[in-house]
Amino acid sequence: MPFLHVLSHASAWAPGMLMLAAMALALCHKGSVATLWRWMLILSGAALAGSVWAAIAAMAGIGRLDLAGWLKASPMGLCMGVLVQLLGTVIAAFSARYLEGEPGQPRYMAALAGVLAAVHVLLLADHWIVLAIAWALVGIALQHLLCFYPDRAFASLAAHKKQMADRVADVLLVGAAALAWLEVGSGSLSALWAHIARDGMSPLLHTSAVLLTLAVILRTALLPVHGWLIQVMEAPTPVSALLHAGVVNLGGFVLIRFAPLLENAATARVVLVIFGLGTAVLAGMVMLTRI
């Protein structure tokens, strides 16, 4: 059924494109804020519907997006897209009420839509370049949400700390990509999985896995780079919801996406366990002593 295949391909693109449209609308809109929020919610709802259809189509085997090794829609990524867009739609509806009367709401809407658009691209990434750019754009858009109240010193401090951690993580991610690309001869993630299955791991790929793990640790605010996550309470409450329930957890998706690499890299898994377990234990001890 060619029509269903075309529809499934279009629906994989739709959520990110609709969020880009919402961002453009927020940046260019000159009318009332209430009308702008109404359009934001309409576009978010349409993106959610597209995400649901894309996930159903992928699981039914109707058709999946596969763009020459750059973008590839896996069932896992499309199901994550449903969760992301559902969370984004709920946060947008909450924000419309929470920020009522606040100045700068169009700027907030543009940043929120930008975060969601970048996350949708990240979920479809099948190339190191697409992955790195999308993850960097998530941080850049999120920076504007964290600094929504520019007169709050702790909010600016948290945003600055996160920006520093993100840039270091970007360098580590680029390093991981360069080593893997050098070994495989291609930046395609599918080509990387095929290379590992055929030829196994090499020292370059082991090093790439460790760098990738360190990048995820920085992005997910594990100890000892957790300080900024505590201070984001100075940002609007919906931004905290977006962080704690969504953006920070992108690191987990990336680790699952790179399972073929990490399951053959014991050193990278040990590093991840040390930082993850240390964070969990110390956070539990703090919880026992704090109200």
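1. Helix 3 passes helix 10 in a right-handed crossing (the near helix is turned clockwise from the far one by less than a right angle). The model is predicted, with local features needing pLDDT of at least 70 and side-chain atom pairs pLDDT 80 or more, while totals for chains, interfaces and linings use all residues. Residues are numbered from 1 along each chain as its sequence is written, and side-chain values use heavy atoms, without hydrogens and water.

2. The axes of helix 3 (residues 75-98) and helix 10 (residues 237-245) come within 9 Å and cross at roughly 165°, which makes the two helices roughly antiparallel (angles over 145 degrees). Helices are DSSP runs of H or I with at least four residues, numbered from the N terminus. Axes are lines fitted to C-alpha atoms over the stretch in contact, with angles from 0 to 180 degrees between N-to-C directions.

3. On the helix 3 side, Leu 87, Ile 91, Phe 94, Ser 95 and Tyr 98 meet Thr 237, Pro 238, Ala 241, Leu 242 and Ala 245 of helix 10 (contact: heavy atoms within 4.5 Å).

4. Six aromatic pairs are found in the whole structure (ring centres of Phe, Tyr or the six-membered ring of Trp within 6.5 Å). The rings of Tyr 108 and Phe 148 have centres 5.6 Å apart and planes at 75°, so this pair is edge-to-face (planes over 60 degrees apart). Tyr 108 and Phe 148 are both buried (under 20% relative accessible area, 1.4 Å probe, protein chains only). One aromatic cluster is formed by Trp 37, Tyr 108, Phe 148 and Tyr 149.

Key: Phe/Tyr/Trp six-rings, centres within 6.5 Å; stacked < 30°, edge-to-face > 60°. Buried < 20%, exposed > 50% of the residue type's maximum accessible area, 1.4 Å probe, protein only. Parallel < 35°, antiparallel > 145°, perpendicular 65-115°, else oblique.
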